[in-house]
Amino acid sequence: MSLSANERSRIIEEALRIKFKTFYRWKRPQLSHEYGANNLEYVEIFEKKLASLLESVKIELEAMSDDVLSDFRGNSDKSWTDQDRRRISRLQASEPPPITFGYGHPKLAADFSYWRLMPRLSLFEVTALSLGADPRIVTQDYLETKARNLSSKKKLWAADKRLLEQKEVFSRYFRHTGWGYGSEAISSVKAWIDKMQIPVHPDFYSALCKNDSAEIPQSPDELSSKPLLPQERETLLKLIAAMACEQYRYNPDDKRSDVTSNVKDDLERVGLSMDDKTIRKWLKEASDFVDADYWGGSR
């Protein structure tokens, strides 16, 4: 049986497509970003092996006579040599996993337009987002599994090693409650990054800035609220006095005190902000309701 050049080409291409399946047209995915560590050298090795194997098998098919090629059935294992089957099987097993491309891989990348709406973030969310990873994929369980693998001397991909390093950095700033790490206000996270110049994904930092500067609109009830009555004002000041003295050990006569900065830090932890001057003003005013004997009669 005589085959034309086009017929031979069609049979060969069909055989390669059937046997190699998705690997016949395999291409690198379009990355969402290229921030952070990766193992693209592993991807390059795979690409070279794939191209070499495709070319090798194609040459074998092209060497077949018209009669043999016309009877060739690409979807039948009997039509392939044992060597070809093993080579293709090994290649399929070595396909680069998404993590080799870094956290910019479409299956791992974060959607910052979604996460920037969050007023608070957990340690594991900040860790993932700071490297451009989606915390819904790169979860707390994911991170803890990688930490165990590292402890067991198992090989980690470069992006995962960087993830553990980043978690170690941020864990020094998050407050541990005894039950685990609590979430922190966006303003606090941004302040840490600014102060210590922690390297993070630029889109994550941009999202922090937008969230931190966004003004929360007042409700109609708030806009039309009446001034506090004297009795209401006095009640609130007494509450401030009790909390300041018993929880922060506030003493208005202390020359040097961390109370103002501690109150400011705690306000930021719950997503609020207030300047030092304002905090000192209300603490001082509230202290007038406290008997001087509370501080040992020092006043």
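Residues are numbered from 1 along each chain as its sequence is written, and side-chain values use heavy atoms, with hydrogens and water left out. Because this is a predicted model, local features need pLDDT of at least 70 and side-chain atom pairs count only at pLDDT 80 or more, while totals for chains, interfaces and linings use all residues.

User: At what angle do the axes of helix 7 and helix 8 cross?
Analyst: Helices (H or I, at least four residues) are DSSP runs numbered from the N terminus. Axes are lines fitted to C-alpha atoms, for helices over the stretch in contact, and angles run from 0 to 180 degrees between N-to-C directions. Helix 7 covers residues 140-151 and helix 8 covers residues 158-171; their axes come within 10 Å. The crossing angle is roughly 105°.

User: Is helix 7 roughly parallel or roughly perpendicular to helix 8?
Analyst: Angles under 35 degrees count as roughly parallel, over 145 as roughly antiparallel, 65 to 115 as roughly perpendicular and the rest as oblique. The axes cross at roughly 105°, and therefore helix 7 and helix 8 are roughly perpendicular.

User: Which residues of helix 8 meet helix 7?
Analyst: Contact means heavy atoms within 4.5 Å. From helix 7 come Tyr 142, Leu 143, Lys 146, Ala 147 and Leu 150. Their partners in helix 8 are Asp 160, Leu 163, Leu 164 and Lys 167.

User: How many charged residues has the contact of helix 7 with helix 8?
Analyst: Ala, Val, Leu, Ile, Met, Phe, Trp, Tyr, Cys and Pro count as nonpolar, Asp, Glu, Lys and Arg as charged, and the others, Gly among them, as polar. This contact has six nonpolar residues and no polar ones. The number of charged residues is three.

User: Is Gln 166 buried or exposed?
Analyst: Gln 166 lies in helix 8. Buried means under 20% relative accessible area, exposed over 50%, and partly exposed in between (1.4 Å probe, protein chains only). The relative accessible area of Gln 166 is 1%, so Gln 166 is buried.

User: How far apart are the C-alpha atoms of Ser 130 and Tyr 205?
Analyst: Ser 130 is in helix 6 (residues 123-130) and is buried, because its relative accessibility is 0%. Leaving out residues up to four places away in sequence, Ser 130 touches several residues, including Gln 166 and Phe 204. Ser 130 and Tyr 205 stand 75 residues apart along the chain, and their C-alpha atoms are separated by 7.9 Å.

User: Which helix gives the most to the lining of the second largest pocket?
Analyst: On a 1 Å grid over the protein atoms alone, a cavity is a set of points where a 1.4 Å probe fits but cannot get out, and a pocket is an open set with protein on both sides within 12 Å along at least five of seven lines; lining residues have an atom within 4 Å of a point. The second largest pocket is lined by 14 residues, and helix 12 (230-248), helix 13 (259-269) and helix 14 (276-287) each supply at least two. With seven residues, the one that gives the most is helix 12.

User: What is the angle between the axes of helix 12 and helix 14?
Analyst: Arg 233, Leu 237, Ile 240, Ala 241 and Ala 244 in helix 12 meet Trp 282, Leu 283, Glu 285 and Ala 286 in helix 14. The two axes come within 8 Å, and they cross at roughly 100°.
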